[in-house]
Amino acid sequence: MTEPKKWALVWAGPIGSEELDELFPNMSERYPRTVENLLMDDPDSFEQVNSKQFRYLLDRDYIEVVHDAEYIAEIEEQYECAGAWEGENAALATLAGISFDSTVIAAALVANGTFDFAYSLASGQHHAKRAQGGGFCAYNDVAGAAMLFRDRGLKPLIIDIDIHAGDGTQSILWDTDTPTISVHAGSIFPYDPMVKDLEQVGKRHTFHWPANHAYNCVLEDRPIDESLQWAMNEIDPIVRRYAPDVIVFVVGADGHVGTPQNMIPTADASYTYSGFDATARRVREWADEFCGGRILMTGAGGYQPLDHTPRIWANTAMRLGGNR
Ligand SMILES: [Zn+2]
């Protein structure tokens, strides 16, 4: 009997930092706690991969593929990124680069067949645009991974379920034929007319740009598990039409019920563990049907860093990676 194939948990060493915690209390704790949960759930099902050791897999610098040179220079040389953080901050600039690299390297490991499923732990910077940061995000690793898959001859499709729209990812990939699908609440950040119908904010609707392969399932205020399920049903024909080779799944956990509303409004979203679980199951089914099982998972927002956020990420990774 052959051993089941392991999946990859990709990161680059300790990510805890005071600077990250200044953006949101205990934010850096979400990562080690996710790893603890995964080790508790099934330590034999995955391998921990230090992305630094696989940097040789990248044949070009993907930050330069998805961001403008001047924007990169501001982050690398002045440590500034308007929209992502205030003023000069070398630690956050460094972390942004590590996070980007980890996701792109995780994508390379899936593309070359080493793993069918990889989860880039500290990642999912979906608000970053080509020359503009947003909502803690400086370098768009989701778009970077998509570009790597394209380079390797694979057709990626992006599904983003963070409660905030994947505006940066849609914007960077706008002129490509890579589909970007975002499921988000409409009445909150980002206030970008490209990801929602401003006349219908607060109501459930779709807002698609088929010519640019950009799709948005915009949820009502106080979205629940059934809202997520509606979105997955809307997405189903889109996935079938594109028949992708790999799904990039951006798992923001900030739609979870009870997420504090005072610092980061979430439209009072009320997803439960079972809503995240059902969504992960759908993604796994599509990946098994179209992609030979290939999935790249990233995090994104998640503002219950000590308990629910790491639990949701671990549950989702186990659902996507289990029994490979
Ligand atoms: Zn978010």
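Predicted model: local features only at pLDDT ≥ 70, side-chain atom pairs only at ≥ 80, totals over all residues.
Let me begin with strand β5, residues 180–185, which is mostly covered, since six of its six residues are buried, where buried stands for 20 or more other C-beta atoms within 10 Å of a residue's own, exposed for 12 or fewer and partly exposed for anything in between, with C-beta atoms placed from the backbone. Residues are numbered from 1 along each chain as its sequence is written, and strands (E, at least two residues) and helices (H or I, at least four) are DSSP runs numbered from the N terminus.

In a regular strand the side chains alternate between the two faces of the sheet. In β5, T180, S182 and H184 on one side and I181, V183 and A185 on the other are all buried.

What are the partners of this strand? Strand β4, residues 156–160, runs parallel to β5 and is joined to it by three bridges, pairing here requiring at least two DSSP bridges, and I159 stands opposite I181. With strand β7, residues 214–219, β5 pairs in the parallel sense over six bridges, and there H184 faces V218.

Turning to a loop, D307 lies between β9 (295–298) and α10 (308–321), and D307 counts as partly exposed because it has 14 C-beta neighbours inside 10 Å.
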